[in-house]
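The questions below go through one protein model step by step, from its overall surface to individual side chains.

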Amino acid sequence: MASKLLMVVVSILDLIAFGLAVAAEQRRSTAKIEQDSEDEYNYCVYDSDISTGYGLGAFFLLFASQVLIMVASRCFCCGKALNPTGSRACAVILFIFCWITFLIAESCLLAGSVRNGYHTKYRKIFSEEPPSCETVRKGVFAAGAAFVFFTGIVSQFYYASYSKARGAFQPYGGEANVGMGAYK
């Protein structure tokens, strides 16, 4: 049977990570071009950098959640083999989807945080075109939040089906193989 405490802790971590990713999307940095007092050069002024912290917080909380699930399920590479049931097949498929959604969510959160934390520091002197005040595209943290949500759901189902396959009834002494008898 699946550990209820583990599922609650992982759910809380995923929920907080989702909230931080949504907050990061809402508080993305914006920039505006300003001129110096002597009208010699233009430069970029950024308003806030809080979404970088929110994005990294969501990144690390989702990472902790994934580590807890994988340690509890032994990541399919350690321990005894699972029983050949439908739950094992479901756990394998959910394991793959869990890792795919996790990697996409982590990529979005990390890329958004890095891009949001990077601010152009150069100035343009006597130029017709203004400096490029690059910011994070709208939707990067939102995509990360969506995949955090999907990862949370898929990892919960993965752990439940893994636990069901691990604790299922094993006929004939508990071995997952074909029983052979002597030929007479």
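The accessible surface of the protein chain comes to about 11200 Å², with 65% of it belonging to carbon and sulfur atoms, where areas follow the Shrake-Rupley method with a 1.4 Å probe and, for residues, only the protein chains shown count as cover. This is a predicted model, in which local features need pLDDT of at least 70 and side-chain atom pairs count only at pLDDT 80 or more, while totals for chains, interfaces and linings use all residues. Residues are numbered from 1 along each chain as its sequence is written, and side-chain values use heavy atoms, with hydrogens and water left out.

Q: Which pattern does the protein chain follow along the sequence?
A: Helices (H or I, at least four residues) and strands (E, at least two) are taken as DSSP runs and numbered from the N terminus. The chain has four helices and three strands. Read along the sequence, these elements give the pattern α-β-β-α-α-β-α.

Q: Is Glu25 buried or exposed?
A: Glu25 forms a salt bridge with Arg28, their closest N and O atoms being 3.4 Å apart, the term standing for a side-chain nitrogen of Lys or Arg within 4 Å of a carboxyl oxygen of Asp or Glu. Buried means under 20% relative accessible area, exposed over 50%, and partly exposed in between (1.4 Å probe, protein chains only). Because its relative accessibility is 11%, Glu25 counts as buried.

Q: Why does Phe97 count as partly exposed?
A: Phe97 is found in helix α3 (residues 86-117). Together with Val92, Ile93, Ile96, Ile100 and Ile104, Phe97 makes a nonpolar surface patch of about 500 Å², patches being made of residues with over 30% relative accessible area and no salt bridge, with like charges joined within 9 Å and nonpolar side chains (Val, Leu, Ile, Met, Phe, Trp, Tyr) within 5 Å. Phe97 counts as partly exposed because its relative accessibility is 45%.
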